[in-house]
Amino acid sequence: MSKKSLITAVLFLTSAWLILSPGCASKKKLGEAEVARLRQAYEDSLQRAREADRLALENQAREEKVEETVIEETPVPEKIEAPAVTFNEEQLFRNILFEFDKSDLSWEAREQLNEVAKYLKTLMQVKLTVEGHCDERASIEYNLALGEKRASSVKNYLTTLGIEAFRIETISYGEERPLDPRKNEDAYTKNRRAQFLVQK
Amino acid sequence: MRLRLWLICLSGSWGLLWGDNTILNISSSGVKKMSIAIGSFVLDKENSLEESKNLEVRTIVQNDLFLSDFFEIKSVDVGDSLAMKKALVQAYLQASYYVRLPYFYFFGNLFDAVSRNIIFSKEYKVKHEFYRNAVHTFSDDIVHFLFGERGVARTKIIFSSQRSRNKEIYIMDYDGESLKQVTSNGSINLTPCFSHQNDELLYTSYLNKRPLIYLTSLYSDRTQVFIKTYNLNMTPSWSPNGDEVVFSGSVNGNLDIYVIKVNGHDVRRLTFDKAVDSSPSWSPNGEEIVFMSMRTGSAQIFVMDRYGANVRRVTYVRNQNEAPAWSPRGNRIAYHTFENGQYEICMIDLDGGNFRQLTRDSGNNEDPNWSPNGKLICFTSTRAGFSQIFIMNTDGSRQIPVTTGSNDYSPSWSYFKEGG
């Protein structure tokens, strides 16, 4: 190779190296202000995370506390006071009766529940518990399921009439809480019922 | 040639259908009972306390062997060789015992009737108040020595009872003795079941107003909520391998079957139809679940695997087949059905064959539950005018009440204690 072309090659390579290599000069050392800013940002995010944790724990404690309070609720008073409006509550909330082994609502039951819905729409703060009960025939387990279906029947009818679901609680007692403990058809008929508890 | 091949395939597929779940299927009519006589049980008066006279040690053993369904007990004087020979007695027992506080000592011996040699002998020493347990252990040891099987003399039954006005959970020895109250919350307590280790129980209780499933320890005061997710939580059953619980829970009035891990996590739903699915019970290997469903319009018994797949129908006759319980010995299901105005305990093979009615013309008979060795069934019966717990052999013979005096329901038989 000629001297000239050698020098050209060296010059070319040197300039290529100078152009292409990342400049060491661009790697400046981080200034102290920069470090301080980054550290502050880190501390802030740590602080935020701790705060979020604390809030979450507080919320959980609050929820648990609320749950406990709900369980120790005072019992519903037995006597239902009549409000100033023209609802006869004793009539309105009389027990709904069911046929043997059935959970569907009779026409009378539906008419009664139509009135119940009107009541609930007028008095918006009122909540209901619907209890499902059975006569003592059939097994304990079968009757628990049937009582649940009966209570649900009533609730579902009311919700289709526009009553909010959260205002109605259902609970099955199966054959465990008969109204009439005797073993005859009369008692059985009374026991196959949905019973209301009104919470104002 | 073609026909032969076809027959081979057919027989092969039948084999697959029946599976390999059948353990040794010894029915009470199958095993030949051993004739045994019970000799004297001597109270070593020199060593013993005056009070020990009242320990009915001999009666306990006699009852255990009688109920075990392995023996025919002959009332023969064991000293009278001629009478023994005539009665074809094969073995006899003798024992002695005494109480030196705080312990009860028991020495049990089993003799071969022909040679009159001792073939089994063991000493037992327990704290005095647990003397029954020592005697039951001897009965179980005799059964195991002679038949290679585990006896149930030390097992227990829990149940729901109205003896204190409201329904609380009680526990008793399988023979009705040592009755103890477990819950006393003044509420309604139903459908109990034992844990796999027999140290805890699950049951439905209204103690916090709604029907939730609770877990109570039998050896400490600890009670905690186990399942509260659904509006109605009921009929729990603990898996034989101890890691899961199957139960029924309701959403919008419809009951379905769920499985949850014993630590309370990972619920999985097994049934999805719009009808009631309830009363689940595990197979002995924990791989399958038998349950009641109304999906066909009436209460029938079905089987599915533990993920809810492979659903098969078991019962087809009658309209109210409920409370299924799977035999620990193989593919037989005990359940109750409504027949001629009353509930009767029945038995059926998993494939629907070998149907047998075990109770007849004796009130309402419900809620069968197997002993852990599959030789006995406990159930409730109202033949005496109130609900009592009975035990019987698996062919329906020898139905004996083990509770009285109150209304008792939903019996659940304990598992075998591991290592005991």
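## A strand pair in chain B

Glu200(B) stands opposite Ser217(B), a residue of strand 11 of chain B. In this predicted model, local features need pLDDT of at least 70 and side-chain atom pairs count only at pLDDT 80 or more, while totals for chains, interfaces and linings use all residues; side-chain values use heavy atoms, with hydrogens and water left out. Residues are numbered from 1 along each chain as its sequence is written, and chains are lettered from A and ligands numbered from 1 in the order in which they are written.

Six bridges join strand 10 (residues 200-205) of chain B to strand 11 (residues 212-217) of chain B in the antiparallel sense. Two strands pair if DSSP finds at least two bridges between them.

## The sheet of chain B

In chain B, four strands make up an open sheet with antiparallel pairing, in the order 9-10-11-12. Strand 9 (189-194) and strand 12 (223-227) of chain B are at the edges with a single partner strand each, so one side of each has no neighbour in the sheet. From one strand to the next, the twist averages 30°.

## Chain A

Chain A has six helices and four strands, where helices (H or I, at least four residues) and strands (E, at least two) are DSSP runs numbered from the N terminus. Along the sequence their pattern is α-α-α-β-α-β-α-β-α-β.

Of the 200 residues of chain A, 32% are buried, that is, under 20% relative accessible area (1.4 Å probe, protein chains only). Among the contacts (heavy atoms within 4.5 Å) in chain A with a separation of 6 or more, 74% are between residues 24 or more positions apart.

Methods:
Buried < 20%, exposed > 50% of the residue type's maximum accessible area, 1.4 Å probe, protein only. Axes fitted to C-alpha atoms, helices over the stretch in contact; angles between N-to-C directions.
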